[in-house]
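Subject: Structure handover

Hi,

Here is the structure for you to look over. My notes on what turned up follow below it.

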Amino acid sequence: MSEKKSVATSQQEEKKPKQQEKTVIYLGPAIAGVAVPGTVYKNGLTPQMERTIKEIPSLKKLLVEVKNAGQVRKEIRNPQTAAGVCYQKVLEYAKKRGAK
C-alpha cells in the first residue's frame, strides 16, 4: 500500500513543474514576507509562497494566469464567488500573520 502511495506522490511531483511554468499573477491581499498584490511569477513560485499555500490552500485560487487576471479581479469583488471567498480567507490569514 505504501508503494502505491509513493508512486502517486512521484507522479504528482512530475506534474508540478509543468504547472509552475505558466506565468501567474497574485491577486490576493498583501501577506508580510510572502507576497504583494500584483506580483508576477514567471519561473515558479517562491519557497515562501509554496509554504504559505500549504498553510492556506485558498491562496492558490488567487494565483491566476495573466490572461485571466481581469476576470478574476471582478470575481474577487463579489463575496459570493469562489475567488471572493478565497480572497476573504487569505485576507483573514494575512491579518493574523501580521498580528504575530
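Three strands form an open sheet in the order 2-1-3, with antiparallel pairing. Strand 2 (40-41) and strand 3 (63-65) stand at the edges with a single partner strand each, so one side of each has no neighbour in the sheet. Strands here are DSSP runs of E with at least two residues, helices are runs of H or I with at least four, and both are numbered from the N terminus. Two strands count as paired if DSSP finds at least two bridges between them.

Strand 1 (residues 24-26) pairs with strand 3 in the antiparallel sense, over three bridges. Ile-25 has Val-64 of strand 3 as its bridge partner. As background, strands of a sheet pair through backbone hydrogen bonds, either parallel or antiparallel.

**Ground rules**

This is a predicted model: local features need pLDDT of at least 70, side-chain atom pairs count only at pLDDT 80 or more, and totals for chains, interfaces and linings use all residues. Residues are numbered from 1 along each chain as its sequence is written, and side-chain values use heavy atoms, with hydrogens and water left out.

**Overall numbers**

The protein has four helices and three strands. Along the sequence they follow the pattern α-β-β-α-β-α-α. Of the 100 residues, 30% are buried. Buried means under 20% relative accessible area, exposed means over 50%, and partly exposed lies in between (1.4 Å probe, protein chains only).

The accessible surface comes to about 7,200 Å². Carbon and sulfur atoms account for 52% of that surface. Areas come from the Shrake-Rupley method with a 1.4 Å probe; for residues, only the protein chains shown count as cover.

Now contacts (heavy atoms within 4.5 Å). Among those between residues at least 6 apart in sequence, 49% join residues at least 24 apart.

**The core**

Which residues touch the most other members of the largest nonpolar core? They are Tyr-26, Ile-31, Met-49 and Leu-59, in a core of 23 residues. Two or more residues each come from strand 1, helix 2 (47-55), strand 3, helix 3 and helix 4 (82-99). Helix 4 gives the most, with five residues. A nonpolar core is a set of buried Ala, Val, Leu, Ile, Met, Phe, Trp, Tyr and Cys residues joined through side-chain atoms within 4.5 Å.

Met-49 deserves a look. Leaving aside neighbours within four places in sequence, Met-49 is in contact with Tyr-26, Val-34, Ala-35, Tyr-41, Leu-59 and Leu-63.

In helix 2, Met-49, Thr-52 and Ile-53 are buried. They cover an arc of only 105 degrees around the axis, which puts them on the same side of helix 2. The arc is taken over the directions from the helix axis to the C-beta atoms. Pro-47, Lys-54 and Glu-55 are exposed, on the face of helix 2 turned away from its buried side.

Helix 3 (residues 69-77) has Ala-69, Val-72 and Ile-76 buried. Seen down the axis of helix 3, the buried residues fall within an arc of 65 degrees, so they line one face. Lys-74 and Arg-77 are exposed on the other side of helix 3.

**Salt bridges**

How many salt bridges does a search of the whole structure find? There are two. The criterion is a side-chain nitrogen of Lys or Arg within 4 Å of a carboxyl oxygen of Asp or Glu.

One joins the side chains of Glu-65 and Lys-22 (3.7 Å, N to O). This pair links distant parts of the chain, 43 residues apart: Glu-65 is in strand 3, and Lys-22 is in the loop between helix 1 (2-20) and strand 1. Glu-65 is partly exposed, at 27% relative accessibility. Lys-22 is also partly exposed, at 45%.

Glu-65 forms a salt bridge with Lys-67 too, with the closest N and O atoms 3.9 Å apart. Lys-67 is exposed, at 68% relative accessibility. Shared partners join Lys-22, Glu-65 and Lys-67 into one network.

**Two loop residues**

Lys-67 is in the loop between strand 3 and helix 3. Its C-alpha atom is 9.4 Å from that of Ile-25, and the two residues are 42 apart along the chain.

Pro-79 is in the loop between helix 3 and helix 4. Pro-79 is exposed, with a relative accessible area of 56%. Beyond neighbours within four places in sequence, Pro-79 is in contact with Gly-84 and Val-85.

Best wishes
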